[in-house]
Amino acid sequence: MLNFEFKNPTKIIFGKGQIEKLSTELPAHAKVLLLYGGGSIKTNGVYEQVIAALQGFEVVEFGGVPANPEYAVLLKALQIIKDQSITFILAVGGGSVIDGAKFLSAAALYEGDEPWDILSKGIRFEKGLPFASVLTLPATGSEMNSGSVISRAETQEKLSFGGPGMFPVFSILDPQVIQSIPPRQLANGITDAFTHVLEQYMTYPIHARLQDRFAESIMQTLIEVAPLVMANPADYSAAADFMWSCTMALNGLIQKGVPTDWAVHAMGHELTALYGIDHARTLAVIAPSHYRYNFERKKEKLAQYGERVWHITEGTTEEKAEQAIVKTEEFFHSLHIQTKLSAYTDQFENTAEQIEQRFTQRNWLGIGEYKDLKPSDVKKIVEMSY
Ligand code: NZQ
Ligand code: ZN
C-alpha cells in the first residue's frame with residue numbers, strides 16, 4: 001500500500017425528510033445564495049422544502065446553472081455574490097450545480113483579474129466562501145469531494161480545479177429526490193459512479209486488499225441496484241443504496257493508498273467539450289478502448305474485477321480480463337448507454353487528432369496511473385472508440 005493522508009470534512013446528512021435540517025445546519029445570520037439548475041427543483045417539491053427550511057435567513061436566488069456548468073453563467077452569479085455580500089452558497093442540484101458552487105466559492109475569494117485562470121492554471125484552493133449542497137442527482141460524488149469541473153462554451157473547454165478548501169461544509173442526501181429523475185439521467189449517474197470506481201481500481205495490483213474490496217463492493221452494489229432504480233425510482237431501499245454508492249465512489253476513500261488512472265475522464269471531458277455529449281456517456285465510450293489499449297498493464301486487475309465482480313471463473317488471466325471488458329460494455333448497454341463515439345455524432349473523424357493537439361498544447365504529456373500515456377497514445381485510444 002502507498003503512503004497516504006486522508007481528511008474529508010464534509011458532514012453528510014442522509015435519509016428521508018432531511019432537507020428540513022438546513023435550518024439548523026446553516027450558520028446563523030448567513031446571507032445565502034441559493035444556486036440551482038434549469039428548474040427541476042421547482043417541479044419535484046425540492047424547492048418548496050428548501051424554501052421552507054430557509055425561513056428566517058436572508059436568501060438571494062440564482063437559477064439557470066446548466067448541465068456542464070457554464071463559466072459565462074457563473075460569472076453572473078459571482079457578480080451577485082460580490083454586489084450583495086453573500087456569506088454562504090447553497091447548491092441545490094446535481095454535480096453541475098454543486099461544481100458551479102465550488103467555482104463560485106473559489107472565485108469569490110480569488111484576487112486575480114481573470115477567474116478563468118482558476119481553471120486554466122488549475123489553482124488549488126485552501127479556502128473558499130463556505131458552501132453546502134442539497135443533492136438531487138446521485139452521480140458525481142461532488143457532494144462529498146473537493147473537485148469541480150467547469151465548461152466554457154466560448155472556447156469549447158472543460159477543465160477542473162479543486163483543493164482542500166473546496167469540500168462542502170455539509171451535504172443533505174435524501175434518496176427520495178431520485179423519483180423525478182428521468183431514466184437517461186439515472187443511467188448517467190450509475191455509469192458515472194461505476195466509472196469513478198474503475199478509475200481508482202483498474203490500474204496494477206498493489207495488494208491493498210481493503211481498498212480493492214471497497215471498490216468491488218461499490219461496483220457490485222451499483223450492478224445490483226441499477227435495474228431496480230431504472231424500473232422504479234420510487235424504490236426507496238434501492239435509491240438509498242444507489243445514492244450512497246455514488247457518494248462513496250468519489251469521496252476520496254477508495255483512492256487512498258492506491259494508484260489511480262483518471263485517463264478516461266481526461267479524454268471523456270474533451271468529448272463533452274467538443275460535442276456536448278453527457279459526461280457519463282463519454283466515459284462509456286472511452287473506457288473499453290482505454291482498457292483494451294492498455295491491456296497488458298491492466299490485465300491482472302481486469303481479471304480480478306472479472307472474477308470478483310462479474311463472477312467469471314473460466315479461462316486464463318487474459319481471457320478473464322477481456323471478458324470483464326465485454327461485461328462492462330454489456331452493463332452500459334443494459335442502461336441504454338452506447339459505447340461508441342459514432343453513436344453520438346457523425347462528425348467524429350478528426351476527434352482523435354484534435355484531442356491529441358489539445359493535450360500537447362496544455363502540456364498534458366503523461367496521463368494514467370504510470371503518468372506516461374502521451375498525446376499520441378490518447379489519439380490511438382480515441383480512434384479505437386469511433
Ligand atoms: O438543471 P435541472 O433542471 O435541475 O435538471 C438536471 C439536469 O438537466 C437534472 N436533474 C437533477 N436532479 C434532478 C433532475 N431532474 C429531475 N429530478 C431531479 N431530482 O439532471 C440533469 C443533469 O444534471 P447534472 O447536475 O448536470 O448531472 P450530474 O450530477 O451528472 O453532473 C454532471 C457534471 O458533473 C461533472 C461532469 O463533468 C458534469 O459537468 N463531474 C463532476 C465531478 C466532481 N465534481 O467530482 C466528477 C465527475 O467525474 C464529473 O466530471
Ligand atoms: Zn465522472
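Buried area is the accessible area (1.4 Å probe) that two parts lose on being put together, summed over both. The legends below describe a predicted model, in which local features need pLDDT of at least 70 and side-chain atom pairs count only at pLDDT 80 or more, while totals for chains, interfaces and linings use all residues. Residues are numbered from 1 along each chain as its sequence is written, chains are lettered from A and ligands numbered from 1 in the order in which they are written, and side-chain values use heavy atoms, with hydrogens and water left out.

View 1. The protein is divided into domain 1 (11-176) and domain 2 (183-384), with bounds that come from an automatic or database domain assignment. Their C-alpha centres lie 26 Å apart. In the contact (heavy atoms within 4.5 Å), domain 1 takes part with 24 residues and domain 2 with 23 residues. About 2,000 Å² is buried between domain 1 and domain 2, and carbon and sulfur atoms give 65% of this area. Pro138, Gln156 and Lys158 supply 28% of the area that domain 1 buries against domain 2, more than any other three residues.

**View 2. The side of domain 1 that touches domain 2.** Between the two domains there are 5 residue pairs in polar contact, both residues at pLDDT 80 or more. A polar contact is a pair of N or O atoms within 3.5 Å; within protein, one must be able to donate a hydrogen and the other to accept it, and residues adjacent in sequence count only if both atoms are side-chain atoms. At least two residues of this side come from each of strand 1 (11-14) and strand 7 (157-162), strands being DSSP runs (E, at least two residues) numbered from the N terminus. Strand 7 gives the most, with 3 residues.

**View 3. The surroundings of ligand 1.** Ligand 1 is surrounded by 32 residues (a heavy atom within 4 Å), and the closest are Gly38, Ser40, Gly95, Ser96 and Lys158. A polar backbone atom of Gly39 is 3.0 Å from an oxygen atom of the ligand. Polar side-chain atoms approach nitrogen atoms of ligand 1 at 2.7 Å from Asp99 and at 3.3 Å from Ser142.

View 4. A salt bridge is a side-chain nitrogen of Lys or Arg within 4 Å of a carboxyl oxygen of Asp or Glu. The structure holds 20 salt bridges, but the count between domain 1 and domain 2 is 0. In the pair formed by Glu25 and Lys11, the closest N and O atoms are 3.0 Å apart.

Conventions: Helix = DSSP H or I, 4+ residues; strand = E, 2+ residues; numbered from the N terminus.
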